[in-house]
Amino acid sequence: MPRETGRKVIASNRKARHDYTVLDTWEAGIVLTGTEVKSLRAGRASLVDGFGLVDDGEVYLHGVHIPEYVAGTWTNHAPRRVRKLLLHRSEIEKLIGKIKEGGLTLVPLSLYFSDGRAKVELALARGKKAWDKRQDMAKRDANREIARAYGRNLKGRR
């Protein structure tokens, strides 16, 4: 059987970029059980309430929901269990240093298979205030209107 290649996205946390300002991102492996992998291969997961914590020099992913595998037996996993993330020691030390600055959190942006291995894209982020969100939406709308006007101008319409 040929090995899997490329990147297959399972779940993405689209609301994270709306609620947080992403400062830096990392790719981390995840320690999973067999039924979790089978459930992910079926394309089932939710990152909505997920966050990362550094505990005793290791990084853990909390709140990510991977539903039980349908064809599983009594060996099925708990859907919201804490999962260990696999990062290099230097990356963990950088994360610890930046998180201690205050006001920063670890947020999962996407969950995917990269060459057959489950990975999570983890972001170091700062929470946005309500006015930040409104400001970003206004900027996005203004850019969209500029692009429309530019396109109309190229076509000769006003």
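Let's start with the pocket. Thirteen residues, written 13 in my notes, line the largest pocket, and Ile-30, Phe-113, Gly-116, Arg-117 and Ala-118 lie nearest its centre. A pocket here is an open set of points on a 1 Å grid over the protein atoms alone, where a 1.4 Å probe fits, with protein on both sides within 12 Å along at least five of seven lines; lining residues have an atom within 4 Å of a point. The elements that give two or more residues to that lining are β2, α2 and β7. Strand β7 gives the largest share, 3 residues. The volume is about 160 Å³. That volume is the space filled by probe spheres set on the points, with grid points joined across faces, edges and corners.

A word on the model. It is predicted, so to speak of local features we need pLDDT of at least 70, and side-chain atom pairs count only at pLDDT 80 or more, while totals for chains, interfaces and linings use all residues. Residues are numbered from 1 along each chain as its sequence is written, and side-chain values use heavy atoms, with hydrogens and water left out.Confidence next. pLDDT is the predictor's confidence in each residue, from 0 to 100. The protein has a mean pLDDT of 86, and 97% of its residues reach 70 or more. Helices are DSSP runs of H or I with at least four residues, strands are runs of E with at least two, and both are numbered from the N terminus.

Back to Ala-118. It sits in strand β7. Is Ala-118 buried or exposed? Its relative accessibility is 13%, which means that Ala-118 counts as buried. The cut-offs: buried is under 20% relative accessible area, exposed is over 50%, partly exposed is in between, with a 1.4 Å probe and protein chains only. Beyond four places in sequence, Ala-118 is in contact with Ala-28, Gly-29, Ile-30, Leu-32, Leu-40, Tyr-112 and Phe-113. Contact means heavy atoms within 4.5 Å.

Leu-40 leads us to the core. The largest nonpolar core has 24 residues, and Leu-40, Val-59, Leu-85, Leu-87, Leu-95, Leu-111 and Val-120 have the most contacts inside it. Such a core is a set of buried Ala, Val, Leu, Ile, Met, Phe, Trp, Tyr and Cys residues joined through side-chain atoms within 4.5 Å. A second, separate core has 5 residues, including Ala-16, Leu-109, Ala-123 and Ala-125. Outside its sequence neighbours up to four places away, Leu-40 touches Ile-10, Leu-32, Ala-45, Ile-66, Leu-111, Phe-113 and Ala-118.

Now helix α2. Its buried residues are Thr-35, Glu-36, Ser-39 and Leu-40. They lie on the same side of α2, because they cover an arc of only 140 degrees around the axis. The arc is taken from the directions between the helix axis and the C-beta atoms. Their cover includes β1, β5 (83-86), β6 and β7. After α2 comes Gly-43, with a positive phi near 85 degrees.

Last, helix α3. Glu-91, Ile-92 and Leu-95 are buried there. Their arc is only 100 degrees, so they share the same side of α3. Glu-93 and Lys-94, on the other side, are exposed. Cover for the buried residues of α3 includes β2, β4, β6 and β7.
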